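Subject: Structure handover and notes

Dear colleague,

I am passing on the structure we spoke about, and my notes on it follow below. Please read them with the model open beside you.

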Amino acid sequence: MNLAYVKAADYISEPVNREPPSREAQLLTLQNTSEFDILVIGGGATGSGCALDAVTRGLKTALVERDDFSSGTSSRSTKLIHGGVRYLQKAIMKLDIEQYRMVKEALHERANLLEIAPHLSAPLPIMLPVYKWWQLPYYWVGIKLYDLVAGSNCLKSSYVLSKSRALEHFPMLQKDKLVGAIVYYDGQHNDARMNLAIALTAARYGAATANYMEVVSLLKKTDPQTGKVRVSGARCKDVLTGQEFDVRAKCVINATGPFTDSVRKMDDKDAAAICQPSAGVHIVMPGYYSPESMGLLDPATSDGRVIFFLPWQKMTIAGTTDTPTDVTPHPIPSEEDINFILNEVRNYLSCDVEVRRGDVLAAWSGIRPLVTDPKSADTQSISRNHVVDISESGLITIAGGKWTTYRSMAEDTINAAIKTHNLKAGPSRTVGLFLQGGKDWSPTLYIRLVQDYGLESEVAQHLAATYGDKAFEVAKMASVTGKRWPIVGVRLVSEFPYIEAEVKYGIKEYACTAVDMISRRTRLAFLNVQAAEEALPRIVELMGRELNWDDHKKQEQLETAKKFLYYEMGYKSRSEQLTDRSEISLLPSDIDRYKKRFHKFDADKKGFITIVDVQRVLESINVQMDENTLHEILNEVDLNKNGQVELNEFLQLMSAIQKGRVSGSRLAILMKTAEENLDRRVPIPVDRSCGGL
C-alpha cells in the first residue's frame, strides 16, 4: 500500500535529537523554560499526538503525564486500526452524515497509520460468518460500501467465501447452518508501543515530554489587554520524587481521556461533566483458538453488541463489552464480563473446541471516554465524533474520538490552539511523518538481526516488529547466552520472545517502574499474567541495577507489579476459580481414581503432600527438579497457604479442571504423568502448556 498523498514529511527537518533525551533532561527543560507555546496534559494517544503535531509545526511544546505513557485506555484497546463497519451501517440506516464523515476520516487515518508505523501495524483480514442466506447479500453490500468509502485507501478488496472455503481459513468455526462468509480488511497494531512511538517521536523533535508528572493545579493570570483571567500553565508534581514546580505556557491542552472532567473542574469548579465513561473488557486466550492471520467479527451478539475475535502477538484476543462505569485509574475486569465474552465465543466456535474459563490467559478493562458536546443544544446526547472545547479561560479540551483518529484529533486541537491563542505556526505536518522505528524498517530486517548478532529467528522477528529500525540498538545490548545457538538474547520467560536487553532499553524509553516494563515496554502482562509474574523478579533485578534501587525499592516494585497483575490484568479472577470454598463435583469413580493418584505421592497416608513427597516420587523415576520450581507448582494449588496440598484441595483442583474453570495446572499434569510412568521411568514435562487463568 502506497499513499500517493503523503507529502508532509518532505517538508519537516530531521529530528533535533537522534535519541529521545533522558527523563532527567526533560524535567530540567520543563523547569528551566520560561514559557512554552503549548502544554499538553495527558500522555495517551491523543495527548502524545497533540505534542507531536505542535512540535513539528515549530511550536515550543511540553507534555506531562500523571502515570506512564499509554497507561490508560490507549493500551487497553481491541488493537484494531479501523474505520468502523458498524458505524457505517448506522450511518446508512439512519442517513447520519456525521457518522459517515467519521468513518471516512477514520479510513484515511487508518491508511496513514499503517504507512508511518509499518513495524507496529499491518492489515488484517477479518471474517464475518453468515448463517442465514438472506444475510449474505445484506452483509456483502455493507462491506462493499466500506471498501467504497475507503476509496484509494482501501487496504484490500473484500470477498465472499463458500462454506467449505470459510472452514479452510477458520477450521474452528461453528459449521452447523453456516452458509458462507465475507472477508474484509482492517488494520491491527500494538497499541501501547504505538502510543510510545508517538511520544518518543515528539521528544526527538524537541518536545519536553515527561511521564509520572501530575498536574496538581492550573496556573492563571489576567490578560492585560482584555482583563480576562486566562489559564497560563500548570503546577506539576514529580510523582517519583515529590518535587513540585510550575510549567508556564501560552496554551494548555486537556487530553486526559476518561479524566477530562477532573481537569475541566480545575479550571472551573462549576464546569458541567461531559464524560460518560464506558468499560470495555477484553480477554486473551491461547493462539490455537484462532487462525494465525484471520480475525472474526460477531456482528450481533446476544445483547446487540459487537465482538471481535482476533489473532494478536501469537495469542487470541476477544472483546469487547460496553458497560457504564466509574472513572478510575485502575479498572478491573469483572467475572461477569469475562464469562459474557466466553459465551459469545462458544456460539461461534465448533463444538469440537471446548472453550474453557481456565484458558483465559489475561483479561483487562479499558475505560472509553464517551463525551457529550457542551456546545450542543442536546447536552445528553453522546457525540459520536471527537469534541474540541474551549473554556472561557482558554483551556482547550480534546475528548471522545477513537484510537485510529488520534492524529486528526490532534490536528484539530492544535488548529484551535493556534487560533484561540494567536500562536504563530503553519499547517499540520504529521500526515506521512514516520514514527520512531518506522523509517528504515523493512519486512526482512529481522534477517539481518539473526545474521549480524546471532539472535533466534523468533526473537529477531519480535524485535523488528516492536522497535523497527531501532531493533539493532536492542540487539547490541543483548547478553551472551553461553550456548552454541542463539549466541545472544537471554529470554525473560521461555515461551515468549522478550529478552533481558529490552529491560535495559525500556529504561531509555522512559520506563520507571516494573509495571511499565511488563505491560507497555513488553506486553507480557497483556499476553499471560502467569508468565509476567514469573518474569518479574528478573525484571526488577535488571531495573534495580540500572536505576540504583535498594532492596526496599525492589520489594516495593515487585509487590506493586503483582498487585497490578492481580487486580487489573485478571489474576484475581484466576484465583477465584479455585478457592477453599470451591465445590467438588466429581463422580464417585473419579474420586476413587484421583485418591489413588494422590496416595502414590502421600505414601504415609498423612492426608497431604509436601515438596518432600513430590521430590521422592520424582527421584524414583530419575527426574530432577529444583526446589523453587516445586514450591511454585505446589503453591498454585495450596489454597490455605500452609506449605502442603491436602487431599481436599487436590480434589477441588481436579473438579475445577473437569468443569473447565482451570486449565494447564502443572501439579495435575505432573501427578498424572508420574502415575502413568512410575514403572517406565519417563521424564515428566512441567512447562506451563498454555495454562490460563
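Which residues does Glu214 touch, not counting residues up to four places away in sequence? They are Arg66, Arg235, Cys236, Lys237 and Val239, where a contact means heavy atoms within 4.5 Å.

Before going on, some words on conventions. This is a predicted model, in which local features need a pLDDT of at least 70 and side-chain atom pairs count only at pLDDT 80 or more, whereas totals for chains, interfaces and linings use all residues. Residues are numbered from 1 along each chain as its sequence is written, and side-chain values use heavy atoms, with hydrogens and water left out.

Confidence. The chain has a mean pLDDT of 89, and 92% of its residues reach 70 or more, pLDDT being the predictor's confidence in each residue on a scale from 0 to 100. Over residues 1–11 the pLDDT is below 50, and this stretch has 23 contacts in the model beyond near neighbours in sequence.

Glu214. This residue is found in strand E8, which covers residues 213–222; helices (H or I, at least four residues) and strands (E, at least two) are DSSP runs, numbered from the N terminus. Glu214 counts as partly exposed because its relative accessibility is 27%; buried means under 20% relative accessible area, exposed over 50%, and partly exposed in between, with a 1.4 Å probe and protein chains only. From Glu214 to Ala272 there are 58 residues in sequence and 23 Å in space, taken C-alpha to C-alpha.

Leu88 lies in helix H3, residues 85–93, and counts as buried because its relative accessible area is 3%. Leaving aside neighbours within four places in sequence, Leu88 is in contact with Tyr100, Val103, Gly142, Leu145, Tyr146 and Val149, while Met102 is 14 residues from Leu88 in sequence and 8.8 Å away, C-alpha to C-alpha. Thr397, in strand E19 (residues 396–399), is likewise buried, with a relative accessibility of 2%. The side chain of Thr397 makes a polar contact with the side chain of Asn254 at 3.3 Å; a polar contact is a pair of N or O atoms within 3.5 Å, where within protein one must be able to donate a hydrogen and the other to accept it, and residues adjacent in sequence count only if both atoms are side-chain atoms. Not counting residues up to four places away in sequence, Thr397 touches Asn254, Thr260, Arg264, Val387, Val388 and Asp389.

Thr522 is found in the loop between helix H15 (514–521) and helix H16 (524–527), and is buried, with a relative accessible area of 1%. The side chain of Thr522 reaches the backbone oxygen of Met517 at 2.6 Å, and, leaving aside neighbours within four places in sequence, Thr522 is in contact with Tyr498, Glu502 and Met517.

Two packed helices are described by the angle between their axes and the distance between the axes. H15 and helix H18 (residues 551–568) pack at about 40 degrees with their axes 8 Å apart, the axes being lines fitted to C-alpha atoms, for helices over the stretch in contact, and angles running from 0 to 180 degrees between N-to-C directions. H15 is therefore oblique to H18, since angles under 35 degrees count as roughly parallel, over 145 as roughly antiparallel, 65 to 115 as roughly perpendicular and the rest as oblique. Ala514, Val515, Ile518 and Ser519 of H15 make this contact with Gln557, Thr560, Ala561, Phe564 and Leu565 of H18. Those residues divide into six nonpolar, three polar and no charged, with Ala, Val, Leu, Ile, Met, Phe, Trp, Tyr, Cys and Pro counted as nonpolar, Asp, Glu, Lys and Arg as charged, and the others, Gly among them, as polar.

Backbone geometry. The peptide bond from Gly319 to Thr320 is cis, with omega near 20 degrees, and Thr320 sits in the loop between strand E14 (315–319) and strand E15 (323–324). The bond from Trp485 to Pro486 is also cis, with omega near -5 degrees. Ser70, which is not a glycine, has a positive phi near 65 degrees and is buried at 1% relative accessibility. Lys605, with a positive phi of about 55 degrees although it is not a glycine, is exposed at 57% relative accessibility.

Best regards
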